[in-house]
Amino acid sequence: MLGRVMGSAASRCWVQAKQEVLVQFCGCEVAGGELVIGLMQMQLAWTMLVSFCCRMIVLKCDISPGGTTRRKALGSLVCPPCNCAQMALADTRIAYQPDVDKHAGVLAYELVQGSLVQWNSFMDKSIPDPPTAVLLHGILGSRKNWGSFAKRLAQEFPMWQFLLVDLRCHGDSASLKKRGPHTVASTALDVLKLVVQLRLTPRVLVGHSFGGKVALSMVEQAAKPLARPVRAWVLDATPGKVRAGGDGEDHPAELIEFLRRMPKQVSSKQEVVDALVKEQFSVDVARWVATNLRRSSPLGQQSSTSFSWTFDLNGISEMYKSYEDTNLWRIVENVPRGVHINFLKAERSLHRWALEDLQRIHTAEELAADEGGGVEMHVLEDAGHWVHADNPDGLFRILSSTFRIETTIRGMQD
C-alpha cells in the first residue's frame, strides 16, 4: 500500500482528546472514545487512517470552515509490539493547518511513499530520509498533475518517496500570497526551503516545462539541500529561449492574459470552457484549465453555485515572463560535479526545440563527461508537450532508469 501525506510543511494538525481518549504522536496509544478534530477555514470530508505505532484507528470526519467536528472512531486495529520510531503510514492522508507563527509561506505539498518507506519528517533527525524525488508542475498546473504518475512510481519503487509540490501562485500555495518578484529563481528557492523544512535530501528532480527550469535553478542555487549525486529531469523545456505557441498550439501568455480578463467568479466550469473555445483555444486546454476552478464557499454559507480560481493569475503572468527570460545554459554547460541533467524532448513538440538547442546539449554532454557530471538527451515518442498525459507509459519507462540506478547506488553505499 502507498503511504500518502498531504499538507504544507509549514503546518500542523491538532487532535484534541476528550475524556478517556489519549493521543500521543510518538509511540503511542489511542484509546476508544470521541475525538475532536479541528481544522480552521477548511472544507472537506475525508476518511483518515492514522497509524500511531502500536494501534490504528479509522476516523471519518466532516470538517467545516472555522468549525470543529466530532466523529466516533469507526474501529481500531492493534498491531504486534514494535519500535516506536518505525511509524508506518499506509494509504494515509493527513491535512495540516498552517502554523503561521513558525513557518509562514512554506509551499503546500503531497508526499507519496512506497510501501517500504517508514519515515516522516517528525522522526528523530538521526534517522536518514529515504531516497526522495521532487516532481514539479508547469505554468497553470498543480501537484495533482503528477498524482497518478507518482503513485505508479511508488508502486514500482517501494523504497522511494515522491514529493509533489504546488508552486507559488498555484493550487493550495496560491493562498500564501508570496511576495514578488515571481521568478523561476524565487520559485526554485521556495522548493529548496520546503525540502529543508521537511528534512529531505532529494536525489532526483523532475520538472515539466516551467517546472523544468525550476529544477535547473534548484541545482544552480542549492548546496546542502540536494544530494550528490543528484539527477535532474527537464521535460520538454530548453534551458534558454522559450518557443511556445507554434504549429497552432495555444500560447500560454495569451491564455494567461485571457484568464486575467475573465470574472474572478463564474457560475460553472463549463462557462470557462465555452469562453476559451470561443476565443480559439483548444478544447483539451480549456477543459484542463477548468480543473483549476474550485467551488466558492464564503463563511456562513453551506454551499455555493459559483466557482473561483485556485491560482493567482497576476503572479503567474509574472512567472511566465520570467520563464521566457531566464537563461540557464550556464548550469548545463558547466555542470557541477555529481550532477546529471537529463533533457526529454517530446517527439511532436517540434517548435519548442531549435537545432541550436540540440547542438548545444550534445556539446554539453561531452564536456560534462570530462568534468565528472552528466548531460543526456532523450526523446519521448508519440507525445506532444503534455508528456505525462500523452504517453505516460513511455515516460515511465524512460524515468524508471534513473530510479533503478539511484537505488543501486544507494544499496552499494549502504
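Trainee: Leaving aside its neighbours within four places in sequence, with which residues is His385 in contact?

Mentor: The model is a predicted one. His385 lies in the loop between β18 (374-380) and α11 (387-390). Once neighbours within four places in sequence are set aside, the residues in contact with His385 are His208, Ser209, Asp236, Glu249, Ala346, Ser349, Arg352 and Asp390.

Trainee: With which side chain does the side chain of His385 make a polar contact?

Mentor: Arg352 is among the residues in contact with His385. The two side chains make a polar contact at 3.3 Å. The partner is therefore the side chain of Arg352, as a polar contact requires N or O atoms within 3.5 Å.

Trainee: Does His385 count as buried or exposed?

Mentor: The relative accessibility of His385 is 6%. Buried means under 20%. His385 therefore counts as buried.

Trainee: How are α5 and α8 oriented to each other, roughly parallel or roughly antiparallel?

Mentor: The axes of α5 (residues 252-261) and α8 (residues 313-325) come within 10 Å and cross at roughly 160 degrees. Angles over 145 degrees count as roughly antiparallel. The two helices, α5 and α8, are therefore roughly antiparallel.

How values were computed
Residues numbered from 1 in each chain as written. Predicted model: local features only at pLDDT ≥ 70, side-chain atom pairs only at ≥ 80, totals over all residues. Heavy atoms only, no water. Helix = DSSP H or I, 4+ residues; strand = E, 2+ residues; numbered from the N terminus. Buried < 20%, exposed > 50% of the residue type's maximum accessible area, 1.4 Å probe, protein only. Polar contact = N/O pair within 3.5 Å; in protein donor to acceptor, adjacent residues only side chain to side chain. Contact = heavy atoms within 4.5 Å. Axes fitted to C-alpha atoms, helices over the stretch in contact; angles between N-to-C directions. Parallel < 35°, antiparallel > 145°, perpendicular 65-115°, else oblique.
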